[in-house]
Amino acid sequence: FWKTLGVDAPEEGATFTVNEIPLTLVRGIPRSKSLVSQAQKQTRDSFGFKWEKRETFEGGVKDYMSHWLVEKYGPVSGWLEDLGPSPIVLDAGCGAAMSGLAYFGSVMHQICYVGADVSTAVDIAKQRFAERELEAGFLQADLMALPLAPNSVDLVFSEGVLHHTDNPRNALAAVTDLLRLGGRIMFYVYRRKGPVREYTDDYIRHKMQNVSETEGWAMMEPLTKLGQILGELDIEIDIPDNIELLDIPAGRINLQRLFYWHVVKAFYRPEMALDEMNHINFDWFAPKNAFRQSEDEVRSWCDELSLCIEREVVEDAGITVVARKLQ
């Protein structure tokens, strides 16, 4: 890790500079003091709060995440084969490393994992790696100003992060600059939904900005319970014709999924506890920065940044891309 940063390991509390970015070593993690926008600060704080609730993502959420990541990105071994021995993998916006461990856990001994996040979730991530006796390095810094050299990373993994920055396209450009020629970037961003869902989501997100994280978590619970009730009904309905005015397609659909995709996000999984489902809903609504994109927007970003798309998975929820840096 310290070799990747290009410095010798400093003593606890020491202040030092890497690539012109001042850092202080606190609890074994280099931390940047650079300022972020008010929106980014609120987003950082909401995620710091969420990731401290380990009991809400260590059970069913973790198992669900592992399966979902492989469905989206494909087997992890396939993307490491031509990156050489011990490739440097940057988990850009690692949070508590839930996605990083879920996806790279089986090959962690083959890679040099660096987790970076703007929030104190890096402390939770470091703790979770230590519990599994896995080696890794962590940084607390803004995604737009990570203290890594250009062209120094073999693979960038940014699962559900870019849309939580002030400008997702610029954030993608910032982490792409760190990627070496021929290296890969793997990322997932939210996809734009239909008009009712977009309106309702923004309405709730706006209300969440005016309360504390603890109050927001409690406010989310009734919505989570509604999603649970709808899911447990297990009712399907037939929509006879496309409702083009609301972007609702014709066909048979579960009532909870109709509500979920076209009215408001109220997550439901029968194998999860209420707190685990509340965690996922809070993750969606709490951060001020939560942009949604179209497929054409994401493809244009990749084209502008000389990223050749090798895999693209477009779902109702979001857009997953694996791309190689060409120049």
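1. This is a predicted model. Of the contacts in the protein chain between residues at least 6 apart in sequence, 70% link residues at least 24 apart.

2. The protein chain contains 12 helices and 12 strands. Its radius of gyration is 20 Å, close to the 20 Å given by the globule rule for 327 residues, so the chain is as compact as a globular protein of that length. The C-alpha trace spans about 65 × 40 × 35 Å along its principal axes.

3. On burial and surface: 55% of the 327 residues of the protein chain count as buried. The accessible surface of the chain is about 14,600 Å², and carbon and sulfur atoms account for 52% of that area.

4. On charge: the protein chain carries 34 positive and 49 negative side chains. The centres of these two sets lie 2 Å apart.

5. Strand β1 (residues 15–18) pairs with strand β2 (residues 21–26) in the antiparallel sense, over 4 bridges. F16 has L23 of β2 as its bridge partner. The hairpin of β1 and β2 has 2 residues between the strands, and N19 takes a positive phi near 50° there.

6. β2 also pairs with strand β3 (residues 29–32), in the antiparallel sense and over 4 bridges. Here the bridge partner of T24 is R31 in β3. In the hairpin of β2 and β3, 2 residues lie between the strands, and R27 takes a positive phi near 55°.

Note on methods
Residues are numbered from 1 along each chain as its sequence is written. This is a predicted model: local features need pLDDT of at least 70, side-chain atom pairs count only at pLDDT 80 or more; totals for chains, interfaces and linings use all residues. Side-chain values use heavy atoms; hydrogens and water are left out. The radius of gyration is taken over C-alpha atoms; the globule rule is 2.2 Å times the number of residues to the power 0.38. Buried means under 20% relative accessible area, exposed over 50%, partly exposed in between (1.4 Å probe, protein chains only). Contact means heavy atoms within 4.5 Å. Accessible areas come from the Shrake-Rupley method with a 1.4 Å probe; for residues, only the protein chains shown count as cover. Lys and Arg count as positive and Asp and Glu as negative; His and the chain ends are not counted. The place of a charge is taken as NZ of Lys, CZ of Arg, CG of Asp or CD of Glu. Two strands pair if DSSP finds at least two bridges between them.
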